[in-house]
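Take a walk through this structure, one local feature at a time. Keep the coordinates open as you read.

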There are 2 protein chains.
Amino acid sequence: MITLAPKPLFTPLILAFRAWQARLPNGSTTHIAAPAKAAKQGFVSLVGAGPGSADLITLRGLERLQAADVVYYDRLADPALLKRARKTARLIYVGKAPGCHAMPQAQINALLVQSAQAGQQVVRLKCGDPGIFGRGAEEADAMNAAGVAWDIVPGVTSACAAAASARSFLTERGQTERLILATGHLRHDGAQDWTTTAQAGTTLACYMGVSQAASITQGLLGAGWPAACAVQVISKAQTREEQVFHCRLDRLEALCAQHPNLNPAILLIRWTLTDAASGVSPVHTIAVSA
Amino acid sequence: MITLAPKPLFTPLILAFRAWQARLPNGSTTHIAAPAKAAKQGFVSLVGAGPGSADLITLRGLERLQAADVVYYDRLADPALLKRARKTARLIYVGKAPGCHAMPQAQINALLVQSAQAGQQVVRLKCGDPGIFGRGAEEADAMNAAGVAWDIVPGVTSACAAAASARSFLTERGQTERLILATGHLRHDGAQDWTTTAQAGTTLACYMGVSQAASITQGLLGAGWPAACAVQVISKAQTREEQVFHCRLDRLEALCAQHPNLNPAILLIRWTLTDAASGVSPVHTIAVSA
């Protein structure tokens, strides 16, 4: 049996933080946008849970979670976070596994609206940051249409967490001065046009790319990315199961085929200015760790 | 006189979090990479402070901050966070204001190495995420060369925080499915090549772009971005002084000229698929708020 500490564990910290904050002088840059407090007035916070690990949520995100009457949560948010919600909070799974959606997006949108209209404080707990590949805009459209008050609590997006896991940097001055976040596939199975990504000095962070490794590799090589540019595959970043793999771009498909259980994973693909200046594609060691 | 609550205010929260975490069953996805504990063994954590507001740091980041012997901090990290360090911690400002660097990067690198070699727990507190436009790679290179142990605690990057302030989304399914993070100017005053950014379905988040508004606008228009595509300028995101401005791309320069005190700011420039499908550049209301 799993024994967990009582739920109000964070409450002293939050209260202390609030007390400390209330004593800050005017003009301090500390700022919390509080949800509406009026009786019967519902409010929805789209909260970034951060990826993988419960301690990568922000203090503000944790506070919203602890104040929620109802929490709609995703597949990839750390389940440990849910233990921090109030004992009376309703916790509702609305996750989307590849090919297996618990609930259509329209239904999620409708539930958020209904809960808020019933006067509840609602947290929509999203893996990473709510603004990046999270379909938050669709939820916001539904709330705007219904006149429901809402806000966003930003979070650590998966690319940042994955780079931290790999102890690497998404930009490096004089090497990679542009960062592109993209997904392996687009809405309605549209194909990414990789040609406009092709520029030395770029890091491409590809979300949900493992199952599309073949088409991504072909697309990038076809667009002019060097075959030997460095790739990191960070699987299950910031969890105890995280693994970091290194390869050249032209070995990415083989690497993903060799390790069938990489999802969720981030691909970091770097084409440095040094690569470009050398005139030839650099040769990296093909190292597959873990 | 400014009265602040005593410094160990967060300690109960951190201890509670630790206790709770220690009781999690094996296989839980909760995971904290703890710094080295051996006596006299120094360790450097590059910690993302998040932008603007003290409550946008992660729980892990706060914990590192509270354990630090010495904190090297940037210009844009919320000063309120420094109050959460230990009373005995040395707090050293190493910020870089535009045209006014407190300290050259090489000296910062050397200080981090020296402090770790002296056996100290070091926090390098960086605005936003340490992996994005933070020169963390240079610090990491110096630490690797000296054999100093280090890690990264990821943070909320400014683009995410700015979008949250504006209650907008960096990607929107079917509208903007690619996000580019870039800076207004490059190392050694090199110019950005904006041509490879030009694709419908893109959000461009431009860091440190206000002073370069003219060249960014000209570069993007020259590359084919629609003159009427929507721009948000988010100034001092997540602080009490935050302001959000809206304009068309071809009005960006005028807007920045009209408001001389926007820095630090993020420019969010969106070229949606709807813009592209409509065949003409959409006309947005030119609204300058606040």
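Start with a charge over a ring. The charged end of A:R167 sits over the ring of B:W150, 4.2 Å from the ring's centre. Now look for B:R167. It lies over the face of A:W150, at 4.1 Å from the ring centre. The model shown here is predicted.

Next come the aromatic rings. A pair of aromatic rings is described by two values, the distance of the centres and the angle of the planes. Over all chains, the count comes to 8 aromatic pairs. One of them joins B:F133 and B:Y207. Their ring centres are 5.0 Å apart and their planes meet at 65°, so the pair is edge-to-face, since planes over 60 degrees apart count as such. This pair links distant parts of the chain. B:F133 belongs to the loop between β6 (121-126) and α5 (136-146) of chain B. B:Y207 belongs to strand β9 (residues 202-207) of chain B, and 74 residues separate the two partners. B:Y207 has a relative accessible area of 6%, so it is buried, the cut-off being under 20%.

Turn to B:W225 and B:W271. These two form a tilted aromatic pair, with 5.5 Å from centre to centre and 50° between the planes. Here too the pair links distant parts of the chain. B:W225 is in the loop between α7 (213-223) and β10 (230-235) of chain B.

Move to chain A and its helix α4, residues 105-117. How far apart are its end C-alpha atoms? They are 18 Å apart. At 1.5 Å a residue, the 13 residues of α4(A) should span 18 Å, so the two values agree. The buried residues of α4(A) include A:I108, A:L111, A:L112 and A:V113. A:Q105, A:N109 and A:S115 are also among them. Just after α4(A), A:G119 takes a positive phi of about 90°.

The neighbour to examine is helix α5 (residues 136-146) of chain A. α4(A) and α5(A) pack with their axes 9 Å apart, at an angle of about 40°. That angle makes α4(A) oblique to α5(A). The crossing of α4(A) past α5(A) is right-handed.

Finish at A:A182, in strand β8 (residues 178-183) of chain A. A:A182 has a relative accessible area of 0%, so it is buried. A:A182 and A:M208 are 26 residues apart in sequence. In space, their C-alpha atoms are 8.9 Å apart.

Note on methods:
Residues numbered from 1 in each chain as written. Chains lettered and ligands numbered in written order. Predicted model: local features only at pLDDT ≥ 70, side-chain atom pairs only at ≥ 80, totals over all residues. Heavy atoms only, no water. Helix = DSSP H or I, 4+ residues; strand = E, 2+ residues; numbered from the N terminus. Expected span 1.5 Å × (residues − 1). Buried < 20%, exposed > 50% of the residue type's maximum accessible area, 1.4 Å probe, protein only. Phe/Tyr/Trp six-rings, centres within 6.5 Å; stacked < 30°, edge-to-face > 60°. Lys NZ or Arg CZ within 6 Å of the ring centre and 35° of its normal. Axes fitted to C-alpha atoms, helices over the stretch in contact; angles between N-to-C directions. Parallel < 35°, antiparallel > 145°, perpendicular 65-115°, else oblique. Left-handed = near helix turned anticlockwise from the far one by under 90°.
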